[in-house]
Amino acid sequence: MLISCPYCGPRDVSEFTYQGDATRTRPDPASADAAAWHEYVYERSNEAGPHREFWQHAGGCRAHVVVIRNTVTHEISSVAPARGDRI
Amino acid sequence: MVEQMSPLGDAYVPGSHGNFADGTGVKISLPQPGSIVEATAWPGREAALAGAIERVTGLSLPHHPGGGVVTGDRSGFGIGPRKWLLTDAAEGLAETLRDALGIENGTVTDLSHGRTAIRLEGERAEWVLAKFFALDFSSDAFPVGSGRATMHHDILAQIQRTGPSRFNLYVFRTFARSFWRVLCHGAEEVGYEVR
Amino acid sequence: MSPRRTAAGGRIDRARTIRFTFDGKPMTGHLGDTLASALLAGGVTLVGRSFKYHRPRGVFAAGVDEPCALVTVIDGQAREPNVPATQIEIFDGLVVESQNRFPSLGFDLGAVNGLFGGLFSAGFYYKTFMGPVVGPLKGTRFWMLCEWFIRRAAGLGRAGDAKDAARYEKMNAFCDVLVVGSGPAGLMAAKAAAASGKRVMLAEQEPLFGGAARWSGETIDDAPAERWADEAVAELAGLDNVRLLPRTTVWGIYDGNTIAALERVTDHKASRARGEPRHRHWSIRAGKVVLATGALERPLVFPGNDRPGVMLARAAGRYAAEYGVLPGGRIAVFTNNDSAYRAAAALHRAGATIAAIVDVRAQVSAAASKLARETGAEHLTGHAVVDTAGRQRLRQITIRRFDAASGALSGAARRVEADCLAVSGGWSPAIHLASQAGAAARWDERLQAFLPPEPTGGWVGAGSFTGAFTTQEAIAQGLAAGAAAVGATPAASKPPQAGGPDLDVTPAPVFEIRAKGKAFVDLQHDVTAEDVRLAHREGFVSVEHLKRYTTLGMATDQGKTSNVPGLAIMADAAGRTIPQVGTTRFRPPYSAVSLGSLAAERHGELRPERLTPMHDWHIERGARMLAAGLWFRPQIYGQPGETVEQAYAREAAAVRAGVGIVDVSTLGKIAVQGPDAAAFLDRVYTNVFSSLPVNKARYGLMLREDGLAFDDGTTWRLGEHEFLMTTTTANAGKVMQHLEYFLDVVWPDLRVNLTSVTDQWAGAAVAGPKARDVLAACVARTGVDNEMLPFMGIVRGEIDGIPVTICRLSFSGELAYEVYCGAGHGLAMWEALMEAGKPFGIVPYGLEALGTLRIEKGHVTGSEIDGRTTARDLHLGWMLSKKKPFIGSAMMDREGLASPERLQLVGLVSLDNRAIANGAHIVEGKQPPDDPHGSIGHVTANCFSPALGRYVALALVKGGTSRHGTRAHISDPLRGRFGPVEIVSHHMFDPEGSRMHG
C-alpha cells in the first residue's frame with residue numbers, strides 16, 4: 001500500500017505508523033464526563049468503507065497526516081496534513 | 001575544540017573492496033562536517049527562518065518540499081514541513097543560527113554529534129542506494145540539491161543529492177556503524193573504495 | 001551426441017558440453033539446456049516419485065508449470081529442495097538429486113503406498129488419524145505421532161540445515177511501464193511504450209526473451225519468429241530508458257502498483273562474482289503494468305495420465321524446437337484442440353515418429369488436418385486415450401472411440417505403441433497477477449477458460465493472457481497495450497505480420513476421460529478425479545473447501561495445470577456449470593520464491609544495531625553484551641572465574657561502597673523547545689514542569705489517555721524555552737510518537753518543537769558515595785559541591801576540554817551524577833572519568849548491577865510500567881497533580897483503577913536463600929497449587945542483593961501494601977521452582993533516601 005505524503009510524495013506504508021481513528025473528538029481536558037471520555041478512548045465504529053484515520057510518516061518527514069482509506073478496497077482517496085497548515 | 005571520534009570503529013577500512021572487474025562503482029567516505037543542525041520554523045515564520053539561514057550561511061533555500069542547495073562547505077535541504085537540515089564544515093553553526101533566528105521564529109537543534117554524514121559517489125551510486133531505499137534516485141525525480149527523508153528497516157536516513165552522481169546520507173550516529181556495514185556490503189557487487 | 005538430440009536448431013550450443021551430476025551419476029548436456037531437456041536428451045524419463053503414492057514420474061512440462069520433475073539442488077552444504085527441473089539451467093558442476101524415493105529412484109519401497117490407494121484418498125488425514133477420545137494418545141497427540149511417520153513416507157524434498165552461503169539482495173525500482181512477459185505481445189508492448197521515451201522495464205521469467213516466438217515455428221515479418229524476437233530485444237537493449245530483466249519472475253502485484261519480482265541472478269552460473277547476489281528481490285513501482293503473461297496448457301485427465309513419458313503437448317514441442325531434444329522416439333498426441341498439431345509438426349520436423357494423433361473431436365480444422373497429414377501420423381478423430389502402460393516409462397497407450405458430447409466410450413480398445421504422449425486439454429490464460437490485483441476471473445464458454453477481469457486501472461493486458469491466442473492478435477494487442485500504458489496512440493505504421501498455420505485453439509469442452517484406473521488431476525499432490533468426486537459426495541460444495549479437503553492446487557506449483565480440470569470435474573459431479581462453481585482467487589507468489597530473497601540483508605551480521613559511543617571500550621574490557629531492542633549494552637564486566645551473579649553483585653556492592661560508572665547513552669533523549677514548551681510538558685506529565693527553575697531537573701511520569709502509566713524519566717530545564725526530556729531506553733520511540741501526535745493533532749497551536757537527540761549525547765552515570773570526589777577530580781569550569789550542584793541541579797563544565805552537562809540525579813539510590821557530552825566525545829569523556837576515578841577504585845557496571853541497585857531501591861522500569869499498572873499501583877500517586885489536567889487525568893480515577901484489590905508493587909525477600917524467578921507467580925498456599933487461578937501476583941524483577949545479603953525481587957501483588965510482613969510462596973512450575981518469600985515494602989534499601997542526598 002502506498003500513502004502519498006503531502007510533503008514526501010508516495011511512500012510505502014511501512015514508512016508510516018497508524019495513529020488511530022481520526023473521527024473522534026477529544027473531550028475538554030478538564031471535563032470529567034466519563035461517557036465522553038469512554039467514547040473517545042474506546043468506542044470505534046469499525047467502518048466497512050471509507051475511513052478517516054491518522055498516520056504518521058515516522059520513516060520520513062515525521063508529520064501526521066489524515067488519510068481517508070477504504071477499509072474494503074484499501075483505496076486511499078485523500079491524504080492531508082493533520083496540522084492543516086501548508087507544507 | 002576536541003575532535004569528534006568517528007562512530008565507525010573497525011568497520012572503517014580504507015582501500016578498495018569488492019568486485020572491481022568493471023572499475024570502482026562507488027566511493028564511500030565520511031565527510032564529518034563540523035556542524036549538522038536542524039532548524040524549524042513556527043507556522044507562518046518560514047520566511048524568517050529562511051532569512052536567518054541566508055544571513056548566517058549564505059544558503060538560499062528553495063521553499064518546495066525537499067528543496068535544498070549545496071555551496072562549497074555548506075548545504076541545506078528540507079526534511080519535513082517547516083524543517084531543514086543544514087551543514088557547515090565549521091563548528092558552531094547551531095549557536096550562530098539560534099541567535100540569528102530567535103525563539104519567536106523557530107528553534108535550532110545541534111545534531112553535530114547526533115547525525116553521521118556518509119558520502120556515496122560514483123557511477124553506480126544510484127544502483128547501490130536503490131538496494132536500500134525505496135526512492136526514485138533518477139535525476140529527474142531527485143534533482144541535485146534536493147533531499148529526501150526515508151528509512152532502511154529501522155534506520156532513518158535523510159539523503160541529499162549533492163551532485164549528478166553524489167549523495168550525502170545523514171543517519172543517527174548510533175546506527176552509523178551498522179549502516180556503514182550494510183552499505184559496504186551492498187556496494188561489493190560494483191566494487192567500492194573507502195577513503 | 002545423444003540419439004535423442006536433433007542435429008540442429010534451438011537455443012543450445014552443441015559445441016559446448018556441460019557436465020553435471022544427477023543422483024550421483026555424471027551426465028552431460030549442452031549450454032542452453034535446462035536440467036529437464038538435458039535429462040530427456042540423456043534418455044532419463046524417471047525423474048521423481050510422487051507425493052503420496054510414490055508413483056514414478058517424469059518431466060511433464062517445459063516451464064514454470066512443471067508439477068512432477070522436482071529435484072533438490074545441492075550447493076556445497078546447502079540444499080534447495082523442490083526445484084522444477086524445467087527451471088534449472090545446467091552448468092558445469094551442477095549437482096542435483098531426485099526426491100521422495102527410498103532407497104533409490106528406480107527401486108522405491110514407498111511405492112507400496114500405491115497399493116493402499118483407499119487410505120490416501122481425499123481428506124485421509126482428517127479421517128484416519130483422529131485418535132482415541134481418551135488416553136495418552138488422544139486427539140492431537142495421536143495425530144502428531146502419525147504425522148512423524150507420514151512426513152517420512154509422503155512429501156517432497158528435504159531442506160538442508162546448513163547455512164546458505166549465498167547472498168540475497170533487495171532492489172527498488174521505479175518505472176512508467178512494467179511489461180511482464182516477453183512473447184510477441186510483451187515485446188511489442190515494450191517497444192511501443194519505449195518509443196515515448198518513458199521508463200520501461202521488461203521482465204521475463206525464462207533466460208531468453210521471446211516467449212512463444214522461440215518455439216512456435218512461425219514467421220514474423222517473413223523471418224523465423226525467434227530471430228524477430230532477438231532483433232526486437234537487441235533494439236530494446238540499446239535504449240537508455242529500457243531495463244531488461246531476464247530470469248525474473250513477477251510473482252506479486254500489490255496496492256499502488258507495487259510489484260514484487262524475483263531475479264535469479266546466478267542460479268545458471270557455476271560460481272558467483274564477489275558481491276554478486278544469487279537472487280535479487282525487485283520491488284518495482286510501476287505507473288502501469290502490461291500483463292503479457294501468456295497462457296498455460298492444461299492436460300486431459302485420463303487413467304494413467306501420470307506415467308513418465310506423458311507430457312503437455314507444448315512442452316514436447318518446445319523440447320524439440322527450442323532445445324533440440326526429442327522427448328520420445330515414437331510419439332502419440334492426445335488433444336481436444338488444434339494447438340497440439342503444432343507440437344506434432346515440430347516433433348515430426350525434429351525427427352520423431354508421430355505414431356498417432358488422437359483427438360476427442362469428431363471434426364477438426366483444415367489446418368490441423370493438413371498438419372496431421374504432414375506428420376504421417378494415424379489421425380484418430382472422435383477417439384480418446386483410456387489407459388497407458390509401461391513400468392518406469394510409457395510403452396503403450398490404449399484408445400477407444402469417444403463421443404465428446406456425452407463423454408461415452410465405445411468400440412473395442414486399441415493399443416498403440418508409444419514412448420511419449422503429448423497431451424493438450426486447452427489453454428488457461430495466466431491471469432494470476434490480474435486476479436491478485438482485483439476482481440474475479442470471467443469464464444469464457446468458447447475458450448473454456450477463465451479470462452482476466454476487466455483491468456482495474458493499474459494494468460492492461462495483451463496476447464494470450466487476454467484469450468487472444470494467435471500471434472497476429474498478440475502483436476496488435478501488445479502494440480495497443482504499450483501505447484495505452486504511456487497514454488499514446490499506437491503508431492499508424494503497419495504492425496509486424498505473423499505467418500503460420502491458421503489453427504483454432506478453441507477446445508472441445510472435454511476435461512476428463514472416465515475409464516477404469518487412477519486418473520490424476522493434481523499430479524504434484526496426487527489428487528485423482530475420484531478424490532474430487534469423493535469430496536463432492538461427502539458434501540464439500542464450495543470450491544474453497546474442495547481445495548483444502550483434497551489439497552488440489554495447493555502444492556508448490558499452485559495448481560497451474562490442475563485448477564481448471566479440477567473445477568470442471570467438480571462442476572460435473574455437482575451437475576453445475578463451471579462459472580456456477582467459480583474459481584478461487586490467486587494469491588502471491590505466482591511461483592516459488594526463495595526465503596533468502598525475502599529476508600535479504602536483514603539477518604545475521606547485517607541486522608541493524610545501535611551502538612553507544614563507548615561500545616568498543618566495553619568490548620575491550622571484556623563486557624558481556626546484551627541486546628536490548630536494537631541496542632547493545634554491557635550486562636556485566638566479568639572477571640575470570642566469575643559467574644554472572646558474582647560479577648553483578650561485586651559491581652553493585654562497589655557502587656554502594658565506593659563509586660561505579662555506567663553507560664546511560666541509550667536513554668531516550670528528546671529536545672523539547674519553544675515558547676510553549678513548559679505548558680506542553682504540564683499537559684503530558686502528571687506533575688508540574690512550568691514551575692521548574694532553569695538548570696534544575698525533575699522526575700516525571702506520563703500516563704496514557706486511558707489513565708494507565710506510560711513512561712517515566714527525568715526532564716531537565718536547560719533554558720526558559722528549552723528542556724531535555726529523558727525516557728526509558730525501550731520506550732524512546734513510542735514516547736516521541738506519542739508527543740508528536742499530540743502536537744500535530746490535538747494541540748497544533750502550541751509552539752513546541754521536538755527533536756530526537758538520543759544520538760547527540762553520550763551519557764555516563766557516576767554513582768556511589770565517592771562519586772562527587774571523582775567529578776571534583778576531573779571537572780573544570782564549574783564546582784560540583786552540594787552548593788553548586790544540589791540534588792536535581794544541573795551545571796555545565798569541562799572534562800579534559802570536552803564540554804559536559806552534569807545533572808545530579810540518582811537511579812541507584814546513591815549520590816550520583818549523570819554526565820553528558822557530545823557523542824563524538826563520549827569515549828574520551830568516559831576514559832577521563834575512569835582515569836579520575838582510579839584513586840577511588842571506580843568500577844564500571846553493567847545492566848545487571850544497574851538492575852540490582854534499582855530493585856533494592858524499589859525504582860520502577862518497563863517491567864513494572866507494563867501497560868497494566870496505574871501510578872498508584874506503583875506508589876507514584878504523589879506525582880498526580882490536582883492543579884491541572886494532563887493526559888490520562890480524566891480516566892485515571894475510574895473505579896476499576898482505584899480498587900484496593902489491584903496488583904500493587906511490593907518487595908519480596910527469599911526465605912530459602914534461593915533466587916526468585918522472574919515471571920514466577922505468587923501464591924498463598926504452602927504447596928504447589930493444582931489450581932492455576934490461585935495466583936495473587938507475579939514477580940517482575942529479581943536479583944541477589946549484596947546490600948541486603950539476600951535474594952530479593954520486585955513483584956506486583958493483589959492488595960500488596962496490606963500484605964507487608966506476610967509470607968507467601970513463589971510458584972514457577974515451568975522451571976520447577978517453589979519457595980517461601982516474605983512480602984515487604986518495595987523500598988528495601990535506605991528507605992529514607994539519605995544516601996543520595998548526602
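**Domains and contacts**

User: How many residues of domain 1 of chain B are in contact with domain 2 of chain B, and how many residues of domain 2 are involved?
Analyst: Two residues are in contact if their C-beta atoms, placed from the backbone, lie within 7 Å. By that rule, domain 2 of chain B contributes 13 residues, and domain 1 of chain B contributes 11. This is a predicted model, in which local features need pLDDT of at least 70, side-chain atom pairs count only at pLDDT 80 or more, and totals for chains, interfaces and linings use all residues. Residues are numbered from 1 along each chain as its sequence is written, while chains are lettered from A and ligands numbered from 1 in the order in which they are written.

User: Which elements each supply at least two residues of the side of domain 1 of chain B that touches domain 2 of chain B?
Analyst: Strands (E, at least two residues) and helices (H or I, at least four) are DSSP runs, numbered from the N terminus. On this side of domain 1 of chain B, the elements are β8 (115-121), β9 (147-152) and β10 (155-163) of chain B.

User: What are the bounds of the two domains of chain B?
Analyst: Domain bounds come from an automatic or database domain assignment. In chain B, domain 2 is 35-110, and domain 1 is 9-32 + 114-194.

User: How far apart are the C-alpha centres of domain 1 of chain B and domain 2 of chain B?
Analyst: Both centres are taken on C-alpha atoms. The distance between them is 24 Å.

**Chain B as a whole**

User: How many helices and strands are in chain B?
Analyst: Chain B holds both kinds of element. The count is four helices and 12 strands.

User: Why does the radius of gyration of chain B agree with a compact globule?
Analyst: The radius is taken over C-alpha atoms, and the globule rule is 2.2 Å times the number of residues to the power 0.38. For 195 residues a compact globule would be near 16 Å, so chain B agrees with its value of 17 Å.

User: What percentage of chain B is buried?
Analyst: Buried means 20 or more other C-beta atoms within 10 Å of the residue's own, with C-beta atoms placed from the backbone. Of the 195 residues in chain B, the buried share is 57%.

**Chains A and C**

User: How many residues does the contact take from chain A and from chain C?
Analyst: Chain C gives 15 residues and chain A gives 22. The elements of chain A that give two or more are β3 (17-21), α1 (34-42) and β4 (50-56). To repeat the counts, they are 22 from chain A and 15 from chain C.

Conventions. A residue is buried if 20 or more other C-beta atoms lie within 10 Å of its own, exposed if 12 or fewer, and partly exposed in between; C-beta atoms are placed from the backbone.
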